[in-house]
Amino acid sequence: MSNVYVLDHPLIQHKLTYIRDERTGTKEFRELVDEVAGLMAFEITRDLPLQEVTVKTPVAEATMKTIAGKKLGLVPILRAGLGMVDGILKLIPAAKVGHVGLYRDPETLTPIEYYVKLPSDVEERDFIVIDPMLATGGSASAAITSIKNRGAKNIKLMCLVAAPEGVKVIQDEHPDVDIFLAALDEKLNDHGYIVPGLGDAGDRLFGTK
């Protein structure tokens, strides 16, 4: 069963409050999402392995630690996931970025893949799938399946807010994928929106309706 981690750091929770606020404009919304993504990256990379190296400081030679050559890949789900990428890249600039594009079939409501581009060394990388919202879970599950089908072995999912319904879908369909959230909200409403949620993340990031 997937582990679910709700990141309750005060800075994350403070900024998330303003992300939720309907009065927050596009510029501020975009900046806050970027900042929260960076803060979440601290937690999601907590288990990266370290190795010891020797360095010479201006005072003495010392044994210190560096990340042990772990290759990371970020995969935003188009389009809203793009709003979280830069915040993570500020901390992990060497990470490669892939993309997964999905749309919902208007008849069946199932996600249809229209674009996938991943780093060439998929099997060697740990991937973080990124989407601000985990609502029904359909798109995130389909994106994870696409990446697995191309050889990825180790995947984490990173979202700002989630509904319990979406979390359950990922747990059922991808029990090996850990889920990292800034908040686990109450429910989905009749229109599939997270309650209380933050509205449509893509529209608020890019100023569209």
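**Group meeting talk: a pocket and its surroundings**

Hi everyone. Let's start with who builds the largest pocket: strand S4 (72–78), strand S6 (99–104), strand S9 (133–134), helix H4 (138–149) and helix H6 each supply at least two residues of its lining. Those labels are DSSP runs numbered from the N terminus, with helices being H or I runs of at least four residues and strands being E runs of at least two.

Before going on, a word on what we are looking at. This is a predicted model, where local features need pLDDT of at least 70 and side-chain atom pairs count only at pLDDT 80 or more, while totals for chains, interfaces and linings use all residues. Residues are numbered from 1 along each chain as its sequence is written, and side-chain values use heavy atoms, with hydrogens and water left out.

So how do you find a pocket? Rolling a probe the size of a water molecule over the atoms shows where empty space is left. Here, on a 1 Å grid over the protein atoms alone, a pocket is an open set of points with protein on both sides within 12 Å along at least five of seven lines, and lining residues have an atom within 4 Å of a point. The largest pocket comes out at about 650 Å³, where a volume is the space filled by probe spheres set on the grid points, joined across faces, edges and corners. It is lined by 24 residues, and Arg104, Met133, Ala135, Ser139 and Asp200 are the closest to its centre.

Now compare that with the record. An unreviewed UniProt entry lists a "binding site" with residues including Arg79, Arg104, Asp131, Thr136, Ser139 and Asp200. Among the listed residues, Arg79, Arg104, Thr136, Ser139 and Asp200 belong to the lining of the largest pocket. Another "binding site" annotation, again from an unreviewed entry, covers Ile194, Gly199, Asp200 and Ala201, and the pocket lining includes Ile194, Gly199, Asp200 and Ala201. A caution: UniProt positions are given in the numbering used here, feature names are shortened, and annotations may be inferred rather than shown by experiment.

Let's visit some of these residues. Thr136 sits in the loop between S9 and H4. For us, buried means under 20% relative accessible area, exposed means over 50%, and partly exposed is in between, using a 1.4 Å probe and protein chains only. Leaving aside neighbours within four places in sequence, Thr136 is in contact with Arg104, Glu165, Gly166, Val169 and Leu188; contact means heavy atoms within 4.5 Å. A polar atom of the Thr136 side chain also lies 3.3 Å from the backbone nitrogen of Gly138.

Ser139 is in helix H4. At 22% relative accessibility, Ser139 is partly exposed. Which residues does Ser139 contact, leaving aside its neighbours within four places in sequence? They are Ile77, Leu102, Arg104 and Pro111.

As for H4 itself, its twelve residues should span 16 Å at 1.5 Å a residue, and its end C-alpha atoms are 16 Å apart, so the two agree. The expected span is 1.5 Å times one less than the number of residues. The buried residues of H4 include Ala140, Ala143, Ile144 and Ile147. After H4 comes Gly151, with a positive phi near 110 degrees.

Over to the loop between S13 (194–195) and H6, where we find Gly199. Gly199 is partly exposed, at a relative accessible area of 34%, and its contacts are Met133 and Tyr193, leaving aside neighbours within four places in sequence. Asp200 lies in the loop between S13 and H6 too. Asp200 counts as partly exposed, at 30% relative accessibility. Not counting residues up to four places away in sequence, Asp200 touches Arg79 and Tyr193. The side chain of Asp200 also reaches the backbone nitrogen of Asp203 at 2.9 Å.

Two peptide bonds deserve a look. Where are they? One, from Leu78 to Arg79, is cis, with omega near 5 degrees, and Arg79 lies in the loop between S4 and helix H3. Another cis peptide bond joins Val195 and Pro196, with omega about 0 degrees; Pro196 is in the loop between S13 and H6.

Technical notes: On a 1 Å grid over the protein atoms alone, a cavity is a set of points where a 1.4 Å probe fits but cannot get out, and a pocket is an open set with protein on both sides within 12 Å along at least five of seven lines; lining residues have an atom within 4 Å of a point. A polar contact is a pair of N or O atoms within 3.5 Å; within protein, one must be able to donate a hydrogen and the other to accept it, and residues adjacent in sequence count only if both atoms are side-chain atoms.
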